[in-house]
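Hi everyone, thanks for coming.

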Amino acid sequence: MKIATWNINGVKARIDTVVTWLANATPDVVCLQEIKSLDEGFPGSAFEDLGYTVATHGQKGFNGVAILSKLPIDDVRRRLPGDDGDEQARYIEADVVSGDSVVTVASIYLPNGNPIGTEKFAYKLAWMQRLEAHARDRLSHEMPLVMAGDYNVIPEPADARNPDAWREDALFQPESRSAWRALTALGFTDATRACDPAGQVYTFWDYQAGAWNKNHGIRIDHMLLSPQAADRLISSGIDRDTRGWEKPSDHVPVWIELSA
DNA sequence: ATGCCTTGTCGCACAAGA
């Protein structure tokens, strides 16, 4: 069972790119972020034609997350609990039926939080607290759980080509990294690091200043696995080449393979 | 020190991203 996550930076601008990647990568489940589309404007038929069931949680212009699945989806839950006043579409989770087991898959678009010292950074940290509380609740079920997406957190200096360039950035603040550690310490496995402990692997390169050509990347797209999912982890990878395609997203896909 | 690009919403720029 192959599960992937990709921040596509606009589903309408990226539809051909995503369809091409899907046809080659053939994931069973895909978490998308930054669809930048209302649910009713989401081009679901392009994915249904490839055999995917589509679940979206969108909003106008910004944010928006989705889950595509070739396997049956039992239940879909939208919005991160903990703040009924939060109107930003950044969380969707679904129970995916795989043979005799059910795997809960969450598609996460964690707030960027820049610039630091503003309400945006406070929103990011509050959102991370809500995510930790929700993750703690989900983990208590002791079921396979994969929380995948754009976390907008650089966990360690090794996760940036030039860590010093990110010292003042919300993605690399001590508070952001501390919240990440508190989340993972609940018992999650960082799939990319579990499979490639020392790798210089990045998932994002800015459109600006030739970041891709200079490999000035950061690792901010992550797949966190509950113990019951980690027990089934076979392999993990990053489809780095998509960043060099025509009309690329600034993020690239991250994926895992779980045993049946 | 700042912008560097890209997208979407409209509108003849701007916000937001990271």
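This is a predicted model: local features need pLDDT of at least 70, side-chain atom pairs count only at pLDDT 80 or more; totals for chains, interfaces and linings use all residues.

Residues are numbered from 1 along each chain as its sequence is written.

Okay, pockets. A pocket here is an open set of points on a 1 Å grid over the protein atoms alone, where a 1.4 Å probe fits, with protein on both sides within 12 Å along at least five of seven lines; lining residues have an atom within 4 Å of a point. The largest pocket holds about 490 Å³, volume being the space filled by probe spheres set on the points. It has 24 lining residues, and Glu-34, Tyr-109, Asn-112, Gly-113 and Asn-152 sit closest to the centre. Which element gives the largest share of that lining? That's helix 3, residues 119-139, with 3 residues.

The second largest pocket comes in at about 190 Å³. Its lining has 13 residues, with Trp-166 and His-216 among those nearest the centre.

Now the sheet: 6 strands, open, mixed pairing, order 5-6-7-8-12-9. To count as paired, two strands need at least two DSSP bridges between them. Strand 5 (73-78) and strand 9 (189-190) are the edges. Strand 9 pairs antiparallel with strand 12 (residues 221-225) over 2 bridges, and Thr-189 faces Leu-225 there.

Technical notes
Chains are lettered from A and ligands numbered from 1 in the order in which they are written. Side-chain values use heavy atoms; hydrogens and water are left out. Helices (H or I, at least four residues) and strands (E, at least two) are DSSP runs, numbered from the N terminus.
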